[in-house]
Amino acid sequence: MTKEEDNFLRIVYLNYRVGTTALRRYFDSVHPNLQSVLSSPSNKAILSDLHKPPRGQRKVLFLEQWNTLYPSSGSPVVSSADLDVTLMVCLLRNLPPFVSPPASGFDALPLSNDLSHGAHIARIKYYKNFIVSHSKDGKISDQVFNRIWIDLEMAIHGLGNQQDALDASDAKSKCLDYNALKELVNVGLSIRRNLDRLNVYGNDLAVQSSK
């Protein structure tokens, strides 16, 4: 295991384990009763439009994600534990009370001096995608590692609690299960590829329908 490979997997741990936990903690503070939120007719209508958008608009929620939010009858009550980063961010940005986006939006890396909740959420989301896009190489230089670490720690402190902050601090020297982290990245990459394929397919259908 080289230093650059260790850097990559520590960023994976910080984002997927600690950062996602902090985001989930913030999500629960915004939507303490998720089942009630999802059962609201107005909220379900918003999500339905994201799942089956009007002609010419891009699909945001795909079938697997919709089924996570609205499982078949008899399934356990949906909680934030069932949601990944993508779904939590989707609900935070589309359902009331809406989280204000940073100046650069939720899909880009915010400026370092933006300490809003929206900016912290965008940092978690951005680096989750960064990890997936760099999973083939699986290496990060010390310079990039330090920059990402600062950004993610900032987000974790802004969204989580004291325990999350301690976990982030410990992550730099913690003995990691490298194989488990590699598997976590592979699962994320597989999900991302499937969603990308579905996104292209959905956009093609939207274009064809609008003709």
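How many helices and strands are there in the protein? There are 9 helices and 0 strands, where helices (H or I, at least four residues) and strands (E, at least two) are DSSP runs numbered from the N terminus.

1. Some ground rules. This is a predicted model, so local features need pLDDT of at least 70 and side-chain atom pairs count only at pLDDT 80 or more, while totals for chains, interfaces and linings use all residues. Residues are numbered from 1 along each chain as its sequence is written, and side-chain values use heavy atoms, with hydrogens and water left out.

2. The overall picture. Reading from the N terminus, the elements go α-α-α-α-α-α-α-α-α. Of the 211 residues in the protein, 42% are buried (buried means under 20% relative accessible area, exposed over 50%, partly exposed in between, with a 1.4 Å probe and protein chains only). Take the contacts (heavy atoms within 4.5 Å) between residues at least 6 apart in sequence: 69% of them join residues at least 24 apart.

3. Have a look at helix α5. The buried ones are Val85, Leu87, Met88, Val89, Cys90, Leu91 and Leu92. What covers them includes α1 (3–30), α2 (34–39), α3 (41–51), α4 (63–69) and α6 (117–133).

4. Both sides of α5 have something to check. Asp84 caps the N-terminal end of α5, with a side-chain oxygen 3.3 Å from the backbone nitrogen of Thr86. In the loop between α5 and α6 you'll find Pro97, and the peptide bond from Pro96 to Pro97 is cis, with omega near -5 degrees. For background, most peptide bonds are trans.

5. Next, how α1 meets α6. Their axes come within 10 Å and cross at roughly 145 degrees (axes are lines fitted to C-alpha atoms, for helices over the stretch in contact, and angles run from 0 to 180 degrees between N-to-C directions). On the α1 side, the residues making the contact include Phe8, Ile11, Tyr16 and Leu23. On the α6 side, Ile121, Ile124, Tyr127 and Ile131 are among them.

6. Now the aromatic rings. Rings of Phe, Tyr and Trp (its six-membered ring) pair if their centres lie within 6.5 Å; planes under 30 degrees apart count as stacked, over 60 as edge-to-face and the rest as tilted. By that rule there are 4 aromatic pairs. Tyr126 and Tyr127 make an edge-to-face one, at 5.2 Å centre to centre and 90 degrees between the planes. Tyr126 is partly exposed at 31% relative accessible area, whereas Tyr127 is buried at 2%. Together with Phe130, Tyr126 and Tyr127 form one aromatic cluster.

7. Helix α7 has a pair as well. Phe145 and Trp149 are tilted, 5.1 Å centre to centre with 40 degrees between the planes. They sit 4 residues apart in α7 (residues 142–159), so about one helical turn separates them. Phe145 is buried, with a relative accessible area of 6%, and Trp149 counts as buried at 2%.

8. Finally, charges over rings. The test is that NZ of Lys or CZ of Arg is within 6 Å of the ring centre and within 35 degrees of the ring normal. Lys3 lies over the face of Phe145, 5.7 Å from the ring centre. The charged end of Lys44 sits over the ring of Tyr70, at 4.7 Å from its centre.

Key: Polar contact = N/O pair within 3.5 Å; in protein donor to acceptor, adjacent residues only side chain to side chain.
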